[in-house]
Amino acid sequence: MGEYVTCVDFRLYPNTIRRPDLMFFLSETLAGVDLEELPIPVVPELVLEVISPSESASDVEHKVRQYERAGVRAIWLIYPTLKSGVACENGQRREISSEGAFETPLLPGFRLEMVRLFPD
């Protein structure tokens, strides 16, 4: 199916490198890619970012637009201080409440439930 990679640089564009908190790559995307070679030279299918209070809304939006333009298919943003999130996929944005869950057709049957992140 694929592989999860955490806190590693990947090349978004020739002069742009990002380090999301978590990335998911389909197996076919990683075919022939050496994960020890950094930054990873291919774009992940899914990126998860934990948003810190110090990040401005414009910084987050800039990152999301960069990811989308580079071909990242799903972007999950988690806001710990709000105990909520936003899922960006196929040009759509969906808010995830504290009782909601992240899901994507990229990972059939997988759910990242907010209550598991913030059991409170």
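These are my notebook entries on what I looked up in this structure, which is a predicted model.

**Entry 1, a hairpin**

I began with strand 7, which spans residues 84-89, and found that 5 bridges join strand 7 to strand 8, residues 92-96, with the two strands running antiparallel. Looking across the pairing, I noted that valine 86 stands opposite glutamate 95 of strand 8. The hairpin made by these strands has 2 residues between them, and in this hairpin I found asparagine 90 with a positive phi near 55 degrees.

I then looked at serine 84, which is found in strand 7. Is serine 84 buried or exposed? Its relative accessible area is 18%, and because the limit for buried is under 20%, serine 84 counts as buried. Setting aside residues up to four places away in sequence, I listed what serine 84 touches, namely Leu77, Ile78, Tyr79, Ile96 and Met114.

I searched the whole structure for aromatic pairs and came away with 4 of them. One of these is formed by tryptophan 76 and phenylalanine 110, whose rings are stacked, at 6.4 Å centre to centre and with 5 degrees between the planes. The pair links distant parts of the chain, since tryptophan 76 belongs to strand 6 (residues 74-79) while phenylalanine 110 sits in the loop between strand 9 (101-102) and strand 10 (112-113), 34 residues apart. I checked the accessibility of both partners: tryptophan 76 is buried at 2% relative accessibility, whereas phenylalanine 110, at 33%, is partly exposed. Ring pairs also bring in Phe102, which forms a cluster with Trp76 and Phe110.

Which residues does threonine 16 contact when its neighbours within four places in sequence are left aside? I found Phe10, Arg11 and Gln66. I also looked up glutamate 3, which is 13 residues from threonine 16 along the chain, and the C-alpha atoms of these two residues are separated by 23 Å.

How many salt bridges does the structure hold? I found 7, and went through several of them.

In the bridge between aspartate 9 and arginine 19, the closest N and O atoms are 2.8 Å apart. This pair links distant parts of the chain, with aspartate 9 in the loop between strand 1 (2-6) and strand 2 (10-13), and arginine 19, 10 residues away, in the loop between strand 3 and strand 4 (22-26). I noted aspartate 9 as partly exposed at 24% relative accessible area and arginine 19 as exposed at 51%.

Next I looked at lysine 63 and glutamate 49, whose side chains meet in a salt bridge at 3.4 Å, N to O. Here too distant parts of the chain are linked, as lysine 63 is in helix 2 (residues 57-70) and glutamate 49 is in strand 5 (residues 46-50), 14 residues apart. I recorded both lysine 63 and glutamate 49 as buried.

Within helix 2 I found glutamate 61 and arginine 65, which lie 4 residues apart, about one turn of the helix. Their salt bridge has its closest N and O atoms 3.2 Å apart. Glutamate 61 is partly exposed at 22% relative accessible area, and arginine 65 is partly exposed at 47%. Finally, I noted that salt bridges with shared partners join Glu49, Glu55 and Lys63 into one network.

Notes: Residues are numbered from 1 along each chain as its sequence is written. This is a predicted model: local features need pLDDT of at least 70, side-chain atom pairs count only at pLDDT 80 or more; totals for chains, interfaces and linings use all residues. Side-chain values use heavy atoms; hydrogens and water are left out. Two strands pair if DSSP finds at least two bridges between them. Rings of Phe, Tyr and Trp (its six-membered ring) pair if their centres lie within 6.5 Å; planes under 30 degrees apart count as stacked, over 60 as edge-to-face and the rest as tilted. Buried means under 20% relative accessible area, exposed over 50%, partly exposed in between (1.4 Å probe, protein chains only). Contact means heavy atoms within 4.5 Å. A salt bridge is a side-chain nitrogen of Lys or Arg within 4 Å of a carboxyl oxygen of Asp or Glu.
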